[in-house]
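Here is a short report on one chain and how its parts pack. Look over the sequence and the fold before reading on.

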Amino acid sequence: MKGASGQGGLTLEELKEKMENFAKERDWDQFHSPRNLLLAMVGEVGELSEIFQWKGEVPRGLPDWEEQEKLHLGEELSDVLLYLVRLSDICGIDLSKAALRKIELNAIKYPISICNQKHNQIKTSPLTAPVATAAAATSTTSNDNGGV
């Protein structure tokens, strides 16, 4: 694990530990209730949204963006990630396991066979979506794609 200079990567577990230590050193645990962390994260998502607000669609890799814009984007993305990691830790959720489970559920909900269709032809209601397990059945009631 490397320092905060951006060199090297961190696992979610390492990031969780860094956030926990950061909060403890500042005596911030008293403020880190699930509700407070969620509201702080929502505020950061709003700041992230402002970056894209008037840009219309942007191509992958942001080729027309200046480095300062990309740096700002990275900071706002990091704010959202850090609050999400902290929130999951405070709630006792293993974010890595939860994310892998969600990918598995989405693979069931959105099988490759239906994803070769146009977006408006894909049906994902609980009555028509293929369901492999009872756990998946309870998770396929919304029409969101779970962030994947």
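## Cysteines

Cys115 is partly exposed, at 37% relative accessibility. This is a predicted model. Cys91 is also partly exposed, with a relative accessible area of 42%. A search of the whole structure turns up zero disulfides.

## Nonpolar core

Nine residues make up the largest nonpolar core. They are Leu37, Met41, Leu48, Ile51, Leu62, Trp65, Leu73, Val80 and Leu87. H2 gives the most, with four. In soluble globular proteins, nonpolar side chains tend to be buried together.

Val80 is one member of this core. Leaving aside residues up to four places away in sequence, Val80 touches Met41, Glu44, Val45 and Leu48.

## Helix H2

What length should H2 span? Its 19 residues, at 1.5 Å a residue, should span 27 Å. The end C-alpha atoms of H2 are 27 Å apart, which agrees.

Which residues of H2 are buried? They are Leu37, Met41, Glu44, Leu48 and Ile51. Viewed down the axis of H2, these buried residues fall within an arc of 60 degrees, so they line one face of the helix. An α-helix has 3.6 residues a turn, so residues three or four places apart point the same way.

## Two sides of H2

H3 is included in what covers the buried residues of H2. The face of H2 turned away from its buried side carries the exposed residues Arg35 and Glu50.

Terms used. Residues numbered from 1 in each chain as written. Predicted model: local features only at pLDDT ≥ 70, side-chain atom pairs only at ≥ 80, totals over all residues. Heavy atoms only, no water. Disulfide = S-S within 2.5 Å. Buried < 20%, exposed > 50% of the residue type's maximum accessible area, 1.4 Å probe, protein only. Core = buried A, V, L, I, M, F, W, Y, C linked by side-chain atoms within 4.5 Å. Contact = heavy atoms within 4.5 Å. Expected span 1.5 Å × (residues − 1). Arc of directions from axis to C-beta.
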